[in-house]
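Here are some notes to read alongside the model. Please keep the sequence and the structure open while going through the points.

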Amino acid sequence: MSNQKVTLRERRKARIRSKIKGTGERPRLVVFRSLTHISAQIINDETGKVLASASDLKIKTKATKTDKSKEVGTALAKVATEKKVEKVVFDRNGYKYHGRIKALADGAREGGLKF
């Protein structure tokens, strides 16, 4: 069953990526979620460069995974605003917009990113 879940997520990911492109003025914010951690990157697809990144591996607080996701979103927004990135396109990477993914997006919005 887990193989089927991965296959379905990969299909959703390909469908989303065919519609979403990150540009220089509006790069792509992509999220990766594992069972225990979450990370996010802001990528300019035209040049193929990562402009900013954040992960919960650097957060040393004892909190729930959802709370850590929100902190990752605010940390990513802080790094992005230092690099003068204000608007992004959100790429949920095939995951449902629910739980940790939604918390990360809300944290990024609170940090000042617009999408």
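Predicted model: local features only at pLDDT ≥ 70, side-chain atom pairs only at ≥ 80, totals over all residues.

How many residues line the largest pocket, and which of them lie nearest its centre?

1. The lining of the largest pocket is made up of 15 residues. Nearest the centre of this pocket lie Lys5, Arg9, Arg12, Arg33 and Tyr95. The volume of the largest pocket is about 430 Å³.

2. Helix α1 gives the most to this lining, contributing six residues. Sorted by class, the lining of the largest pocket holds six charged, five polar and four nonpolar residues.

3. The next topic is charged pairs. Side chains of opposite charge can pair when their charged atoms come close. In this model the count of salt bridges is seven. Three of these pairs are taken up in the points that follow.

4. Asp45 and Arg17 form a salt bridge through their side chains, with an N to O distance of 3.7 Å. This pair links distant parts of the chain, 28 residues apart: Arg17 belongs to helix α1 (residues 2-17), while Asp45 sits in the loop between β2 (38-44) and β3 (49-55).

5. Lys70 pairs with Glu110 in a salt bridge, and their closest N and O atoms are 3.3 Å apart. Here too the pair links distant parts of the chain: Lys70 is in helix α2 (residues 65-82) and Glu110 is in helix α3 (residues 100-111), 40 residues apart. Lys70 has a relative accessible area of 34% and is partly exposed. Glu110, at 56%, counts as exposed, because the cut-off for that class is over 50%.

6. Lys102 and Asp106 meet in a salt bridge with an N to O distance of 3.3 Å. What separates these two along helix α3? They are four residues apart, so about one helical turn lies between them. Lys102 is partly exposed at 38% relative accessibility, and Asp106 is partly exposed at 25%.

Notes
Residues numbered from 1 in each chain as written. Heavy atoms only, no water. Salt bridge = Lys/Arg side-chain N within 4 Å of Asp/Glu carboxyl O. Buried < 20%, exposed > 50% of the residue type's maximum accessible area, 1.4 Å probe, protein only. 1 Å grid on protein atoms, 1.4 Å probe; cavity = no way out; pocket = protein on both sides within 12 Å on 5 of 7 lines; lining within 4 Å. Points joined across faces, edges and corners; volume = space filled by probe spheres on them. Nonpolar A, V, L, I, M, F, W, Y, C, P; charged D, E, K, R; others polar.
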